[in-house]
Amino acid sequence: SSNNNSTRTSTSTGKSTGIQIQQMTNSTITRSRATSWVLEQVRKSYRERLDTFANPSTYFAKPVDISPLVCARFGWSNTAPNVLTCTTNNDNTTATTTNGATCCNAVLYVKFDPNLSSQSHSTLTQTYRRLLAESHSESCPFRADANRWLRMDGDTAGGDIDNGAGGDENDTID
């Protein structure tokens, strides 16, 4: 008799669980599709920003630490010779990101004097790299993301760039 009750309970629970599993699966599929769509939009936006660097005369011979790949990753488009602007689309206007946040349209001028010493060039490179994160407005989605990326990359970037918005004691440049 206890086996029959157990069987009935299992069957009853099995049907209920089957429905719950189906609902969870549909929810998971929907979330997965939404995540895929968001990731595709992020990739598309990154490629659009990267494409703005296609003309070598507008952003030429910059160090690898502030290369077009890094700039585009940090939310910057090349809008004029040596000029970077925070944008998310090809027409270089302020736009809304996939999560609804608005880009700040900040502008950063990146130029090196050819007469700089090697040490000065290196120091300026690290300053520009930090500014790629810090020049965004506080509300810009790229600022927090760039600061996190700089902190993770701090040991391999060739200098003290862990100068994010967190107020670390190393917030000065020597």
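## Rings, charges and strands

Analyst: Before the questions, a starting point: this model is predicted, and in it Tyr59 counts as buried, because its relative accessibility is 6%.

User: Which residue has a ring that pairs with the ring of Tyr59, and in what geometry?

Analyst: The whole structure holds two aromatic pairs. In one of them the ring centres of Phe53 and Tyr59 lie 5.2 Å apart and their planes stand at 80°. Planes over 60 degrees apart count as edge-to-face, so the partner and the geometry are Phe53, edge-to-face.

User: Is Phe53 buried or exposed?

Analyst: Residues under 20% relative accessible area are called buried. Phe53 has a relative accessibility of 8%, and therefore it counts as buried.

User: Which parts of the chain does the aromatic pair of Phe112 and Tyr128 tie together?

Analyst: Phe112 and Tyr128 form an edge-to-face pair, with 5.4 Å from centre to centre and 75° between the planes, and both residues are buried. Tyr128 lies in helix H3, while Phe112 lies in the loop between strand E3 (107-109) and H3, so the pair ties together parts that are 16 residues apart in sequence. The parts asked for are therefore the loop between E3 and H3, and helix H3.

User: Which residue lies over the face of Tyr59?

Analyst: Besides its ring pairing with Phe53, Tyr59 has a residue placed over its ring face. At 4.9 Å from the ring centre, that residue is Lys62.

User: How many salt bridges does the structure hold, and which residues are linked in a network of them?

Analyst: Side chains of opposite charge can pair when their charged atoms come close. The structure holds four salt bridges, and the residues linked in a network are Glu40, Arg43 and Arg47.

User: How many residues apart are Arg130 and Glu134, and where do they lie?

Analyst: The closest N and O atoms of Arg130 and Glu134 are 3.0 Å apart, in a salt bridge. Arg130 counts as buried because its relative accessibility is 12%, whereas Glu134, with a relative accessible area of 22%, is partly exposed. Both lie in helix H3 (residues 118-134), separated by about one turn of the helix, that is, four residues.

User: In the salt bridge of Glu138 and Arg143, which residue is buried?

Analyst: The side chains of Glu138 and Arg143 meet at 3.4 Å, N to O. Glu138 has 63% relative accessibility and therefore counts as exposed. The relative accessible area of the other residue is 12%, so the buried one is Arg143.

User: Which strands stand at the edges of the sheet?

Analyst: The three strands form an open sheet in the order E1-E2-E3, with antiparallel pairing. Strand E1 (76-80) and E3 each have a single partner strand, so one side of each is left without a neighbour in the sheet. The strands at the edges are therefore E1 and E3.

Technical notes. Residues are numbered from 1 along each chain as its sequence is written. This is a predicted model: local features need pLDDT of at least 70, side-chain atom pairs count only at pLDDT 80 or more; totals for chains, interfaces and linings use all residues. Side-chain values use heavy atoms; hydrogens and water are left out. Helices (H or I, at least four residues) and strands (E, at least two) are DSSP runs, numbered from the N terminus. Buried means under 20% relative accessible area, exposed over 50%, partly exposed in between (1.4 Å probe, protein chains only). Rings of Phe, Tyr and Trp (its six-membered ring) pair if their centres lie within 6.5 Å; planes under 30 degrees apart count as stacked, over 60 as edge-to-face and the rest as tilted. A charge sits over a ring if NZ of Lys or CZ of Arg is within 6 Å of the ring centre and within 35 degrees of the ring normal. Two strands pair if DSSP finds at least two bridges between them.
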